[in-house]
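User: I've got this model open and I'd like to talk through its salt bridges and its cavities. Can you take me through them?

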Amino acid sequence: MKITIIGGGPGGLYFSILTKKAMPNCQIDVYERNKADDSFGFGVVFSDETLSEFLSKDIKSYELIREKFAYWDDIIIARDEQTVSISGNGFCGCSRKTLLQLLQQRCLEEGVNLYFEKDVSDLSQFSDSDIIVACDGIGSQIRTQFQSEFGTKIELKKNKFVWLGSTKPLDAFTYFFRNTEHGLIVAHSYQYQEGMSTWIFECSEETWQKHGFETTNEQDTVAKIEAIFKVELDGHSLITNKSHWRQFPHVTNDKWFHNNIVLLGDAKATAHYSIGSGTKLAMESAIALSDSIVANPTNYQLAFENYEKSRRNTVEMIQYAANVSLDWFENMDRNNQHPFYQFAFGCMTRSKKVTFENLQIRDKSFTDKVLNEFYSKNNCHIELVEVPAFSKFKLRDLELQNRIVMSPMGQYSAEDGLINDWHFQHYTSRAIGGLGLILTEMTAISETGRITLGCAGIYNENQIVEWKKINNFIHQNTQSKIGIQLGHSGRKGCSKIPWEEKFDGTSWELLSASPIRFNENSLIPKEMTLSDMDEIISQFVQATINANKAGFDMIELQAHHGFLLASFLSPLTNIRTDEFGGNIENRLKFPLRVFNEMRTVFPKEKPMSVRISASDWAENGISEEEVFTIATAFKTAGADIINVSTGNTVAHQKPQTGRMWQVPFSDAIRNTVHIPTITTGYIQDIDQINTIILNGKADLVALGRPLLLDPNFVRNAQAYENFQSDDIPNQYKAGITHLYPLKTSERKQMEGMKKALKPKSNKK
């Protein structure tokens with residue numbers, strides 16, 4: 001077998017070593033465009049986990065690399081003159097040039113042929129090669145030739161960065177944040193060998209422009225950066241190496257191979273340097289590609305398929321984490337408003353892989369600082385409330401006993417809008433379970449405002465009576481508060497109940513901002529007239545009066561997920577040409593008028609929330625700036641909190657889901673508009689809730705599906721945290737002696753597993 005490698009970076013070299021070791025008779029040729037001792041950039045970083053993988057695959061490479069590495073366990077975060085050190089983080093780094101030299105040495109030892117200063121763009125010279133591995137970097141010429149076959153996508157990220165070196169010694173991986181007159185600049189810095197350290201400087205495009213940086217003017221860049229980071233550099237100079245300002249390219253490929261060509265390294269996929277995974281990604285993928293070829297030496301197509309199958313999910317997860325991390329840095333000017341320890345905590349937990357509990361295990365002294373700052377800011381006593389999720393929160397005169405909320409979840413079990421025993425047990429059991437706030441399912445303001453025939457309503461006296469029974473029980477027997485979400489289905493009316501096959505009733509006329517059906521099975525709605533608007537407003541006002549009469553503590557206005565009011569807000573569902581269409585100010589007019597009229601008749605001491613969709617997850621949908629305008633408008637009108645959701649505006653949406661996937665939208669609104677927010681979206685445990693709240697990404701955290709099968713989620717979380725709650729009903733207090741020891745034991749087991757996964761020190 002003959003294998004040709006285009007690109008002599010760490011991935012291509014390591015693949016060559018492993019494959020040649022396993023298949024000694026295979027001819028492997030590596031072609032590199034640069035000289036053997038050329039290297040762009042300065043250092044590379046690995047985690048303990050990656051080093052262990054190297055040990056298992058090629059002990060000689062491992063020993064050579066390990067001998068040259070600098071090790072550290074601490075991460076230091078510094079913002080101007082404030083500094084904090086976080087221990088328990090096992091990382092190592094070395095010179096990129098050294099790494100390449102060590103891998104080149106191993107290649108030669110194994111019999112791999114290395115050719116330097118060979119810039120390959122024409123593959124016809126390798127027509128006799130069985131396999132061609134394209135690992136020629138981010139700007140891969142080979143990939144570019146076949147970009148349609150690979151399905152290549154390259155997205156340039158917003159921030160500007162430049163890669164520099166210095167002789168400044170560093171004892172830890174350090175993030176130096178420096179405030180300037182034009183915005184925040186960060187240095188990602190670490191020592192990779194004695195007397196040498198890497199410094200990657202990053203800032204927003206706006207900050208870069210205002211400082212007058214020039215893309216390729218290294219002398220100017222060094223002069224300005226050395227002046228800004230004079231204290232941090234401590235008299236040491238910066239060193240250049242083709243140090244041009246760039247924007248990070250996020251590279252993905254729909255397919256990793258074409259004919260006998262297979263992609264590897266940055267040619268295949270990139271991961272932002274803020275999680276230090278570029279070289280790691282390349283070398284771990286090299287292991288997978290080598291294993292697949294060795295296992296299928298006579299069928300390279302099968303080998304490529306197995307390679308992609310084994311690595312794609314992992315690579316995409318790393319890229320996702322890298323993008324989440326990158327997003328934090330792209331918004332570091334917004335994050336900069338937070339107090340120092342909260343800012344540092346946000347930096348440490350930015351990729352979602354590290355949480356509050358992880359950090360507490362690694363370095364409790366750091367999390368104690370974060371907690372003390374949080375409680376000081378929120379006027380809480382740390383000795384009384386040791387868990388952020390269980391701290392109180394106030395909206396107007398309404399005080400919630402904790403930060404955990406039940407999301408509105410349709411039960412589709414009402415008859416003619418009238419709730420029944422099912423709803424009584426559904427809401428009261430969650431209240432007994434200790435929630436801070438319960439938000440009811442979307443409750444229709446009229447018979448024709450229902451989504452399905454099973455939707456609840458609050459438009460007649462009987463409905464008020466039944467809701468009042470629930471509210472009275474909750475207020476008399478628990479400390480939970482309950483709010484009602486009032487809404488109108490709009491173009492989503494006449495929908496079938498989820499577990500039924502079809503809509504089994506008489507259809508009614510649907511209303512929407514514009515006559516656009518939701519999907520091919522939906523009715524075409526009527527475009528609302530001024531008369532329709534007046535009638536809908538009167539129904540919302542009456543429903544508000546009814547909600548107060550029924551004893552609700554709070555009202556949430558439904559303006560999300562493509563229902564009636566939301567249909568006015570999104571440009572995908574509002575194509576009107578009158579005063580209610582066009583720009584966002586016009587599209588806001590009707591929803592704002594509804595809110596204003598509701599606020600007027602709802603007691604001023606009771607809060608109101610508005611739930612919005614912060615993204616349509618579809619092309620030409622609502623923009624971030626428009627979302628800020630919407631949130632600001634409702635804040636000005638008197639909304640006390642924004643419940644931030646996304647999507648469900650159009651049927652052809654393509655949401656990017658995952659853990660805590662909607663939290664960034666809440667973060668953006670809360671910390672740009674400066675209004676409290678509720679967040680939701682695949683949040684599953686108390687650790688995630690604490691992490692979100694401590695980060696300042698939301699004030700309240702709403703759970704949906706986790707509460708469907710676990711009405712005692714809060715009680716279990718209280719036991720897990722050993723939190724002594726004063727709201728457990730007397731009838732149930734005997735259960736404490738069973739639940740608390742059980743959850744204490746479970747937590748010890750969980751912490752044991754987390755400690756086992758904790759990075760270990762590699763210091764010699």
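**Salt bridges and cavities**

Analyst: Let's start with Arg 106, which is buried at a relative accessible area of 1% (buried is under 20%, exposed over 50%, partly exposed in between, with a 1.4 Å probe and protein chains only). A word on the ground rules: this is a predicted model, where local features need pLDDT of at least 70 and side-chain atom pairs count only at pLDDT 80 or more, while totals for chains, interfaces and linings use all residues. Residues are numbered from 1 along each chain as its sequence is written, and side-chain values use heavy atoms, with hydrogens and water left out.

User: Which residues are linked with Arg 106 in a network of salt bridges?

Analyst: A salt bridge here is a side-chain nitrogen of Lys or Arg within 4 Å of a carboxyl oxygen of Asp or Glu. Arg 106 pairs with Glu 109 at 2.8 Å and with Glu 110 at 2.9 Å, N to O. The network takes in Arg 106 along with Glu 109, Glu 110, Lys 21 and Asp 58.

User: Why are Arg 106 and Glu 109 separated by about one helical turn?

Analyst: Both sit in helix H4 (residues 96-110); helices are DSSP runs of H or I with at least four residues, strands are E runs of at least two, and both are numbered from the N terminus. Glu 109 is partly exposed at 46% relative accessibility.

User: How many residues apart are Glu 81 and Arg 178?

Analyst: Their side chains meet in a salt bridge at 3.4 Å, N to O. Glu 81 lies in the loop between strands E5 (75-79) and E6 (82-86), and Arg 178 in strand E11 (residues 173-180). Glu 81 is exposed at 63%, whereas Arg 178 is buried at 12%. This pair links distant parts of the chain, with a separation of 97 residues.

User: How much space lies in the largest cavity?

Analyst: A cavity is a set of points on a 1 Å grid over the protein atoms alone where a 1.4 Å probe fits but cannot get out, and lining residues have an atom within 4 Å of a point. Points are joined across faces, edges and corners, and volume is the space filled by probe spheres set on them. There are three cavities of 30 Å³ or more. For the largest cavity, the space is about 70 Å³.

User: Which helix and strand each supply at least two residues of its lining?

Analyst: The lining of the largest cavity includes Leu 569, Ile 612 and Asp 616. The elements asked for are helix H19 (564-569) and strand E27 (608-613).

Note on methods: On a 1 Å grid over the protein atoms alone, a cavity is a set of points where a 1.4 Å probe fits but cannot get out, and a pocket is an open set with protein on both sides within 12 Å along at least five of seven lines; lining residues have an atom within 4 Å of a point.
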